[in-house]
Amino acid sequence: MPGYNISQKYKCFWVAPSRTGSRTVAQILSYYDFKFNGSPVFYCESYNYTHITTNVNEYFNYKFICNARNPYARVYSHFQNYSTEFKIKTKSNFRSYVEMKMWRENDLHYPILNKKPDYVLRLEHLKEDLMKIPFILDR
């Protein structure tokens with residue numbers, strides 16, 4: 001079973017879907033004691049976090065942060081970065097990717113959540129959304 005991106009110090013866990021600014025947020029949250037399987041989510045130019053979060057009931061009383069991104073931009077980012085069979089990124093290749101490959105070959109369907117996030121970090125408004133988290137202003 002995968003671990004969690006979690007800060008015991010702030011009683012908070014973070015869900016980081018792929019292509020939503022998770023590397024940037026990992027760098028920031030590493031200053032607030034966020035860890036994955038006991039190691040910092042970012043340390044010495046190395047990332048250590050998971051995109052996949054399973055049952056969050058174990059931490060139901062913790063605050064919950066979730067990254068998000070415009071869904072169209074997220075799908076296009078997946079196409080640009082992961083569609084290896086399309087060497088040339090054309091409009092028709094993007095259509096083929098969306099219609100035939102996308103839903104079978106990536107993790108765009110994650111996360112599946114059973115708890116509403118307390119804080120949503122939208123990639124398009126990342127600074128503004130980070131400032132809404134109380135412990136961010138503590139340091």
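Which residues of strand 2 (residues 12-15) point one way and which point the other way, and are they buried or exposed?

Reply: This is a predicted model, in which local features need pLDDT of at least 70 and side-chain atom pairs count only at pLDDT 80 or more, while totals for chains, interfaces and linings use all residues. Residues are numbered from 1 along each chain as its sequence is written, and side-chain values use heavy atoms, with hydrogens and water left out.

Cys12 and Trp14 point one way from strand 2, Phe13 and Val15 point the other way, and all are buried (buried means under 20% relative accessible area with a 1.4 Å probe, protein chains only). Strands here are DSSP runs of E of at least two residues, and helices are runs of H or I of at least four, numbered from the N terminus.

Strand 2 has pairing partners; two strands pair if DSSP finds at least two bridges between them. With strand 1 it runs antiparallel, joined by three bridges, and Ile6 stands opposite Phe13. Four residues lie between the strands of this hairpin, where Lys11 takes a positive phi near 50°. With strand 7 (residues 63-68), strand 2 pairs in the parallel sense over four bridges, and Cys66 is the bridge partner of Val15.

Ser7 lies in strand 1 (residues 5-7). Ser7 is buried, with a relative accessible area of 0%. Not counting residues up to four places away in sequence, Ser7 touches Cys12, Tyr32, Asp33, Phe34 and Tyr62, contact meaning heavy atoms within 4.5 Å.

Trp14 also belongs to the largest nonpolar core, which has 20 residues; Trp14, Phe34, Ile65, Ile133 and Phe135 have the most contacts inside this core. Such a core is a set of buried Ala, Val, Leu, Ile, Met, Phe, Trp, Tyr and Cys residues joined through side-chain atoms within 4.5 Å. At least two residues of this core come from each of strand 2, helix 1 (22-29), strand 8 (119-122) and helix 4 (126-130). Helix 1 gives the most, with three residues. Leaving aside neighbours within four places in sequence, Phe135 is in contact with Tyr10, Cys12, Leu29, Tyr32, Phe34 and Ile65. A second, separate core of nine residues includes Tyr4, Val56, Tyr62 and Phe64.

As for the whole chain, there are four helices and eight strands, and 41% of the 139 residues count as buried. Among contacts between residues at least 6 apart in sequence, 69% join residues at least 24 apart.

Methods:
Buried means under 20% relative accessible area, exposed over 50%, partly exposed in between (1.4 Å probe, protein chains only).
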